[in-house]
Amino acid sequence: MPMWNPKCLDLPLSEEQQQRLLEKFDFDKDGRLSKKDLELGLRQMGLRFCRWRAGRALRHADLNKDRYISKDEINELVKYATKWGLPAN
């Protein structure tokens with residue numbers, strides 16, 4: 001059972017919620033989410049096709065096209081996850 005689900009989140013996320021999400025999936029601890037970070041996070045959640053899903057999420061949420069999801073773009077990632085119904089542990 002998911003600890004939280006994006007469908008029940010109020011958007012935009014609070015500063016604290018953004019920080020917790022970044023910390024949870026930022027495996028290399030650089031303060032932003034890469035495709036690899038997203039892939040590992042999705043894999044931890046037990047999802048399939050993680051590389052493909054991570055690529056799609058990055059293309060959707062990376063508004064400045066720098067190949068990373070920063071704190072400013074995290075709400076776009078949550079919107080995307082909510083739209084697809086992806087659970088987050």
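This is a short tour of a predicted model, one selection at a time.

**Whole chain**

Read from the N terminus, the order of elements is α-α-α-α. Colour by burial next. Of the 89 residues, 40% count as buried. Take contacts between residues at least 6 apart in sequence: 53% of them join residues at least 24 apart.

**Stop 1: the segment before α1**

Select Ser14, which sits in the segment before α1. Is Ser14 buried, exposed or partly exposed? Its relative accessibility is 34%, so Ser14 counts as partly exposed. Ser14 and Asn75 lie 61 residues apart in sequence, yet their C-alpha atoms are 9.5 Å apart in space.

**Stop 2: α2 against α3**

Select residues 35-44 for α2 and 50-61 for α3. Their axes come within 8 Å and cross at roughly 130°. That angle makes α2 oblique to α3. The crossing of α2 past α3 is right-handed.

Show side chains at the contact. From α2, pick Lys35, Leu38, Glu39, Leu42 and Arg43. They meet Cys50, Arg51, Arg53, Ala54, Gly55, Ala57 and Leu58 of α3. Colour these residues by type: 6 are nonpolar, 1 is polar and 5 are charged.

**Stop 3: Glu39**

Stay in helix α2 and centre on Glu39. Its relative accessible area is 6%, so Glu39 is buried. Which residues does Glu39 contact, leaving aside neighbours within four places in sequence? They are Cys50, Arg51 and Ala54. Along with Glu39, the buried set holds Asp37, Leu38, Gly41 and Leu42.

**Stop 4: from the end of α2 to Phe49**

Move on to Gly46, which follows α2 and has a positive phi near 85°. Next select Phe49, in the loop between α2 and α3. Phe49 is not a glycine, but its phi is positive too, at about 60°. Most residues other than glycine have a negative phi. Phe49 has a relative accessible area of 57%, so this side chain's residue counts as exposed.

**Stop 5: the nonpolar core**

In soluble globular proteins, nonpolar side chains tend to be buried together. Here the largest nonpolar core has 18 residues. Select Leu33, Leu38, Leu42, Ile69, Ile74 and Leu77, the members that touch the most other members. Each of α1 (15-25), α2, α3 and α4 (74-84) supplies at least two residues of this core. Which helix gives the largest share? That is α3, with 5 residues.

Zoom in on Leu33. Not counting residues up to four places away in sequence, Leu33 touches Leu22, Phe25, Asp26, Leu38, Leu58, Arg67, Tyr68, Ile69, Ile74 and Leu77.

**Stop 6: Leu77**

At 10% relative accessibility, Leu77 counts as buried. Display its contacts, leaving aside neighbours within four places in sequence. Leu77 is in contact with Leu33, Leu38, Ala57, Ala61 and Ile69. Draw a C-alpha distance from Leu77 to Leu58 as well. It reads 7.7 Å, for residues 19 apart along the chain.

**Stop 7: the loop between α3 and α4**

Select Lys65 in the loop between α3 and α4. Lys65 is not a glycine, and its phi is positive, about 60°. With 59% relative accessibility, Lys65 counts as exposed.

Finish with Arg67, also found in the loop between α3 and α4. Is Arg67 buried or exposed? At 66% relative accessibility, Arg67 counts as exposed. Show what Arg67 touches, not counting residues up to four places away in sequence: Leu33, Ser34, Leu58 and Asp62. Last, draw the C-alpha distance between Arg67 and Leu33. These residues are 34 apart along the chain, and the separation is 8.7 Å.

Definitions and conventions: Residues are numbered from 1 along each chain as its sequence is written. This is a predicted model: local features need pLDDT of at least 70, side-chain atom pairs count only at pLDDT 80 or more; totals for chains, interfaces and linings use all residues. Side-chain values use heavy atoms; hydrogens and water are left out. Axes are lines fitted to C-alpha atoms, for helices over the stretch in contact, and angles run from 0 to 180 degrees between N-to-C directions. Helices (H or I, at least four residues) and strands (E, at least two) are DSSP runs, numbered from the N terminus. Angles under 35 degrees count as roughly parallel, over 145 as roughly antiparallel, 65 to 115 as roughly perpendicular and the rest as oblique. A crossing is left-handed if the near helix is turned anticlockwise from the far one by less than a right angle, and right-handed if clockwise. Contact means heavy atoms within 4.5 Å. Ala, Val, Leu, Ile, Met, Phe, Trp, Tyr, Cys and Pro count as nonpolar, Asp, Glu, Lys and Arg as charged, and the others, Gly among them, as polar. A nonpolar core is a set of buried Ala, Val, Leu, Ile, Met, Phe, Trp, Tyr and Cys residues joined through side-chain atoms within 4.5 Å. Buried means under 20% relative accessible area, exposed over 50%, partly exposed in between (1.4 Å probe, protein chains only).
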